[in-house]
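Visitor: Hi! Could you walk me through this one in plain words?
Guide: Happy to, let's take a look together.
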Amino acid sequence: MLLSFDRRFLFVANTKTASTSIETVLRPHAQINRAETPQRKHVGLSVALREYQGDFEAAGRAPGEVLKFGVMREPLDWIASWYRYRRGNAVESPLPPGMSFAEFWERADWNIRSPKGDPYLQRRMFCRKGAVLADIIIPFPRVAETFARICAGLGIAVGELPRENRSRLRQIEGLTPALEAEMRAFYAADYALWDRLDEINAPALARLDAGEYRTD
């Protein structure tokens with residue numbers, strides 16, 4: 001998570017959505033940087049707004065004055081990316097060699113269910129009790145173009161978005177039609193959010209294009 005009162009943005013770092021690449025661009029402009037560990041980096045909007053309420057007050061900014069945004073991935077593509085990353089990269093919690101995607105799904109560890117057993121969903125990053133807190137949730141296939149638009153609206157110079165922390169494994173094994181149907185039902189709440197992204201994003205994108213977030 002990165003928070004800037006000068007450039008008026010709060011970026012929430014959803015997992016497996018180019019957050020490391022985006023942070024490379026935004027970090028020099030942020031007054032608050034929670035990138036020390038994965039647990040601190042990947043904190044949701046509701047937590048960030050609560051924990052930094054005093055910082056907003058000290059800076060003379062209200063949460064409504066900063067652009068709150070992040071990136072969301074199509075749910076099946078998101079969990080498949082987690083599988084590829086943990087199978088193919090040198091990570092702290094690698095999957096066993098040869099584990100199929102179906103076996104990974106059956107194991108239902110921390111990528112899939114929370115410690116309480118609830119589905120581990122992307123919407124937890126952007127919502128609180130069903131209410132959307134983010135101004136913009138960038139669909140992952142449009143991350144480069146939409147992020148460039150956001151930077152232009154914030155007055156931040158950005159070239160080509162770097163590609164960092166990518167999964168080395170490019171394919172998954174064991175995804176059958178029956179398993180896909182099970183997964184779509186599991187991620188129903190995320191799909192409900194995913195299908196609304198254009199509607200959610202439109203007002204803030206219009207404000208960005210009109211220069212309402214610029215401070216220079």
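Guide: One definition to begin with: axes are lines fitted to C-alpha atoms, for helices over the stretch in contact, and angles run from 0 to 180 degrees between N-to-C directions. Helices (H or I, at least four residues) are DSSP runs, numbered from the N terminus.
Visitor: Good. What should I know about where this comes from?
Guide: This is a predicted model, where local features need pLDDT of at least 70, side-chain atom pairs count only at pLDDT 80 or more, and totals for chains, interfaces and linings use all residues. Residues are numbered from 1 along each chain as its sequence is written, and side-chain values use heavy atoms, with hydrogens and water left out.
Visitor: Okay, at what angle do the axes of α7 and α10 cross?
Guide: At roughly 50°, and the axes of α7 (residues 143–154) and α10 (residues 197–209) come within 8 Å. The two helices are therefore oblique to each other; angles under 35 degrees count as roughly parallel, over 145 as roughly antiparallel, 65 to 115 as roughly perpendicular and the rest as oblique.
Visitor: Which residues make the contact?
Guide: From α7 come Thr146, Arg149, Ile150, Gly153 and Leu154, and from α10 come Leu205, Leu208 and Asp209. Contact means heavy atoms within 4.5 Å.
Visitor: New topic: how many residues of α5 are buried?
Guide: 11 of its 14, so α5 is mostly covered, where buried means under 20% relative accessible area, exposed over 50% and partly exposed in between (1.4 Å probe, protein chains only). Trp78, Trp82 and Tyr85 are among the buried ones.
Visitor: What do they pack against?
Guide: The buried residues of α5 pack against α6 (101–107), α8 (177–186) and α9 (188–194).
Visitor: And which residue caps the N-terminal end of α5?
Guide: Glu74 does, with a side-chain oxygen 3.1 Å from the backbone nitrogen of Leu76.
Visitor: Now Ser19: buried or exposed?
Guide: Ser19 is buried, because its relative accessible area is 5%. You can find Ser19 in helix α1 (residues 19–26).
Visitor: What does Ser19 touch?
Guide: Leaving out residues up to four places away in sequence, Ser19 touches Phe11, Ala13, Asn14, Lys41 and His42. The side chains of Ser19 and Lys41 are also joined by a polar contact of 3.5 Å. A polar contact is a pair of N or O atoms within 3.5 Å; within protein, one must be able to donate a hydrogen and the other to accept it, and residues adjacent in sequence count only if both atoms are side-chain atoms.
Visitor: Last one: how does Gly54 count?
Guide: As partly exposed, because its relative accessibility is 43%. Gly54 sits in helix α4 (residues 53–59).
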